[in-house]
Amino acid sequence: MWALRGLRNGVLTTRWPASPDAYTAATRGAVTVLPGPAADTIDGTEASALCPAGAIRAGLAGTVRVDQGGCIMCGRCVTARPDVFGWSAGPGSPSLSRQGLVVPAAETAESLAEVTSRLRARTRALRRSVHLRHVDAGSDGSEEWEIMALLNPVYDIHRLGMFFTASPRHADILLVTGAGARGMAEPLRETYQAMPDPKVVIAVGTDAVTGGLARGSYATSGGIGGILPVDVWLPGSPPSPFAILSALLLAVDRLPGQRAATAAGHGVAGDPR
Amino acid sequence: MTVTRYEVVASVEQLSDRAAGQVAAGARLADLFGTARDGGLLLTAQLAGPASLATVAAMLPPWQLSYPALTPRVGAAFWYEREIHDLFGVEPAGHPRLEPLVLPASGGQLPRPGAAGGPAVIDPDPGVLPRHTIGPGLFTIPHGPVRSGVTESIEYLVETPGEDIPHLNMRLFYKHRGIEKRFEGMHPADGVLLAERVEGVASVAHGLAYCQALEALADTAVPWRAALIRTLHAELERIACHLDVMIRLADGAGLAVATARFGWHKERVLRLTGQLSGSRFGRGVAVPGGVGREPGLPPADLLTAVGVLDRELTADVRLLLGTASFLDRLRRTGPLPPARAAQHGALGPVGRASGTADDARESRPYAAYQALGLAVSARDDGDALARLEVRADEIGASFHLLRQAADELAEAGHGPLRADWQVADGRTVSWAEAPHGELLYDLRIEDGVITRCRVRPASFHNLVLMHEVFAGDILTDFPFIEASFGLPVAGAAR
Ligand code: SF4
């Protein structure tokens, strides 16, 4: 009986990234600063009052910047100042450098090119079949759901040659979720060390990037960056399955139109879903 | 109308007598926690009756570093007193097994929630954990905190004392995030963002319970439409959580097609939630005084979407409950006897599968539940199958509630989504029936900021029951028992 139902699943699977998927455009991406003069009207006091996560900073020169790595996507800035802040559409914004999550970009193209080529040197061998391992380092539990979703028939990452493995010894990519709970620092290091070289670490979600709202707690390290060398930084609270997929593809150099090209790009305003 | 009472008694001994007396008279111990105050450690017990919640507190003076443990009299206090010991360093004297649970700390400063300030960093010290017992016929098998698959971090220790049936011990501290302390000093309007992240898969329930505490303090009535929208999202969240359990059970049994089908249904529920609220987890739905925004779908379209989901999902649930090999795997697996569930006051689907039918939506209604019809499901077999059946019934009931709420929303037309709400000082308790069971917040606001936010998710209360449900082969049963309990570690470890 189940066999009959299975047949109906085939058509559900997304063709992204080979072809566009309408849902990626409909999901809320990261918060960006919209182009235009309005951004200059926000000063430091307003910036810190606007953002409960401390992700908005107004520079001395009057440039407002959002650190997407600290953004918990509460949307308050977009509601309060739609002239300055907006949601980017699309599957999310993984970056190969921590600085790359600060928009508008403060980073030079050269420094990004350098981290990119270093990662490429390591991942050249991983283009075809990739094995993934996940470790929870103090998540709120939602990131695990979104990673698990990659196995459902809609995302079905097996079609991309990506598989979860039970043993770190067979893993190429380590997906780490959570704010860097201090109790997980040692087990996390052990898992990383048990993985063979070359290996790639992805910080999955705002909590893993900066600690999110759990930053500043006695029990977290404010993200996992202080525990492991991170290669791909993926913000989101939590990041959607498409965002996680885009981080995986960025890690193995299979993401079309990568962030390197769009780091300075601006999103669209409005009310995406 | 729900009755809540708050009473401070003269001593911890009196608190203990009161708790033991009320539990003997049929109440359940729903929470026991500490708050560091100027005058010492304020110990607070929540005692739940059929439609009431009594809060009893007593001050332990600063020079007293221990008090007579409640656990020998009220077994449900077992984990609560270990947590108090971890966070405050006071000793519940006579506790049967006082080993670290959420924070193994050695010397130095402790978090002491409620106290102003606190240590910037506390590194857990595994050195203070008891060594694994190894001896003739006596061994401990550790499992975790990193486990295979995509799971939350927790350590299970299977202890096999001689010929006895194995006992499961759990260590939660690996992913302790110090969340309760993190609330302190926050502006109450920001606290909801943290509440939504205590248990990310139950963001709506947490946001709701938290906002209800603020609204109770400020005496704010939420507009009817907002109450309906909150209810809608709470029920979508319940369906998603119950589907997650079904996915894990089907996957454990190797039913590939069923796993895929339920994975697809769950994805659709999250997408519908995202379409309505802007977040796949309904974050931002609950805000103090009401809801954050107008739903992204008009009620008529919502009804259509709910109808399609209900039809396709319910057919698959029926098929799953008719798959004999699967049912055989769950039957008599991980039994929680009704007497034990009642004695502990087991919550949510775990309790209801063992005959303890309390459901806050019915016994202490909030949001729009008072006005909507709800049939609470219960079984008394107490095994993994009964827990699955209860969840299947609850999905059906949730669809019924979704339709009622969408109809009401269509009737209600237009109107405000948010009442005027102002921060008000005080202390109160609030609750919601999260997908995993009753969730309690005990919130204290002083001079306009949060000074204590106690969160007691059902996972912390229920997880301890996994200690004693291993009747059969521990290795083959384990995945089904864990999945059928279906409790987020994030909430339990906080
Ligand atoms: S959406 Fe992000 S940047 Fe904007 S206020 Fe919220 S946390 Fe801050």
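These are my notebook entries on what I looked up in this structure, which is a predicted model.

**Entry 1: chain A overall**

I started with chain A and its secondary structure, and I found ten helices and ten strands. Next I checked burial: of the 273 residues of chain A, 60% count as buried. I also looked at how far along the sequence the contacts reach. Among those between residues at least 6 apart in sequence, 79% join residues at least 24 apart.

**Entry 2: domains of chain A**

I then turned to the domain assignment, which gives domain 1 (28-91) and domain 2 (109-264) for chain A. Taken over C-alpha atoms, the centres of these two domains of chain A are separated by 25 Å.

**Entry 3: the ligand**

Which residues are around the ligand? I listed A:Val31, A:Leu50, A:Cys51, A:Pro52, A:Ala53, A:Ile56, A:Cys71, A:Ile72, A:Met73, A:Cys74, A:Gly75 and A:Cys77. Sorted by class, this shell has eleven nonpolar residues, one polar residue and no charged ones. I also looked up where the ligand sits, and the place is the largest cavity.

**Entry 4: domains of chain B**

Over to chain B, where the assignment gives domain 1 (5-128) and domain 2 (180-463). I wrote down 28 Å between the centres of these two domains of chain B, again over C-alpha atoms. Their contact takes 30 residues from domain 1 of chain B and 23 residues from domain 2 of chain B.

**Entry 5: B:Arg230**

I picked out an arginine next. B:Arg230 is in helix α6 of chain B, which covers residues 224-252. Is B:Arg230 buried or exposed? I put B:Arg230 down as buried, because its relative accessibility is 3% and the cut-off for buried is under 20%. Leaving out residues up to four places away in sequence, I see B:Arg230 touching B:Val204, B:Leu208, B:Cys211, B:Gln212, B:Glu215, B:Val222, B:Val285, B:Val287, B:Gly289, B:Gly290 and B:Val291.

**Entry 6: B:Thr356**

My last stop was a loop residue. Where does B:Thr356 lie? I found B:Thr356 in the loop of chain B between α11 (348-352) and α12 (360-363). B:Thr356 has a relative accessible area of 16%, so I marked this threonine as buried too. Setting aside neighbours within four places in sequence, I noted contacts from B:Thr356 to B:Ala341, B:Ala342, B:Ala346 and B:Gly351.

Terms used. Residues are numbered from 1 along each chain as its sequence is written. Chains are lettered from A and ligands numbered from 1 in the order in which they are written. This is a predicted model: local features need pLDDT of at least 70, side-chain atom pairs count only at pLDDT 80 or more; totals for chains, interfaces and linings use all residues. Side-chain values use heavy atoms; hydrogens and water are left out. Helices (H or I, at least four residues) and strands (E, at least two) are DSSP runs, numbered from the N terminus. Buried means under 20% relative accessible area, exposed over 50%, partly exposed in between (1.4 Å probe, protein chains only). Contact means heavy atoms within 4.5 Å. A residue is near a molecule or strand if one of its heavy atoms lies within 4 Å of it. On a 1 Å grid over the protein atoms alone, a cavity is a set of points where a 1.4 Å probe fits but cannot get out, and a pocket is an open set with protein on both sides within 12 Å along at least five of seven lines; lining residues have an atom within 4 Å of a point. A molecule sits in a cavity or pocket if more than half of its atoms lie within 2 Å of its grid points. Ala, Val, Leu, Ile, Met, Phe, Trp, Tyr, Cys and Pro count as nonpolar, Asp, Glu, Lys and Arg as charged, and the others, Gly among them, as polar. Domain bounds come from an automatic or database domain assignment.
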